[in-house]
Amino acid sequence: GDFVLAEANRAALAAGRGRLEGLLERPAGEILVNLPEVYLSLWTAYEGRQSVRRRLPIRFPQEPPALHDVSFVFVPPDMVLVHAVPLSPGRPEAEAGPAA
């Protein structure tokens, strides 16, 4: 199987500028096809039944890649919540490298 984007909160919908609504109920493998590190972290959190935090470059359509602090939180029995916060260039946490 694959994960399915079941819902997105208002902040995520606003940040997605209308692009997330069309992704609801679609498989994560399709949504994250160009973001293999994000997809791998999603599965790592699920398979390990744990939380995973990474600093990952994420590129939205028509935008340059931006470094994000991304948390993947396993929620029993079979859900992973994903929270991504863009890191501003020039800030120390944006230059520190990947989070563990």
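This is a predicted model: local features need pLDDT of at least 70, side-chain atom pairs count only at pLDDT 80 or more; totals for chains, interfaces and linings use all residues.
Tyr-39 lies in helix H3, which spans residues 36-48. Its relative accessibility is 25%, so Tyr-39 counts as partly exposed.

Leaving aside residues up to four places away in sequence, Tyr-39 touches Asp-2, Ala-28, Gly-29 and Leu-32. With Asp-2 there is a polar contact between the two side chains, at 2.9 Å. Ala-28 is 11 residues from Tyr-39 along the chain, and the C-alpha atoms of the two are separated by 7.4 Å.

## Salt bridges

The whole structure contains two salt bridges. One of them joins Glu-30 to Arg-26, with the closest N and O atoms 3.1 Å apart. Glu-30 is partly exposed, with a relative accessible area of 44%. Arg-26 is also partly exposed, at 32%.

Another salt bridge is formed by the side chains of Asp-69 and Arg-53, at 2.4 Å from N to O. This pair links distant parts of the chain, 16 residues apart: Asp-69 belongs to strand E2 (residues 66-75) and Arg-53 to strand E1 (residues 51-58). Asp-69 has a relative accessibility of 13% and therefore counts as buried, the cut-off being under 20%. Arg-53, at 41%, counts as partly exposed.

## Nonpolar surface patch

Val-73, Met-79 and Leu-81 make a nonpolar surface patch of about 240 Å². Of these residues, Met-79 is found in strand E3, residues 79-86. The relative accessible area of Met-79 is 43%, so this residue is partly exposed.

Notes
Residues are numbered from 1 along each chain as its sequence is written. Side-chain values use heavy atoms; hydrogens and water are left out. Helices (H or I, at least four residues) and strands (E, at least two) are DSSP runs, numbered from the N terminus. Buried means under 20% relative accessible area, exposed over 50%, partly exposed in between (1.4 Å probe, protein chains only). Contact means heavy atoms within 4.5 Å. A polar contact is a pair of N or O atoms within 3.5 Å; within protein, one must be able to donate a hydrogen and the other to accept it, and residues adjacent in sequence count only if both atoms are side-chain atoms. Patches are made of residues with over 30% relative accessible area and no salt bridge: like charges are joined within 9 Å, nonpolar side chains (Val, Leu, Ile, Met, Phe, Trp, Tyr) within 5 Å. Accessible areas come from the Shrake-Rupley method with a 1.4 Å probe; for residues, only the protein chains shown count as cover. A salt bridge is a side-chain nitrogen of Lys or Arg within 4 Å of a carboxyl oxygen of Asp or Glu.
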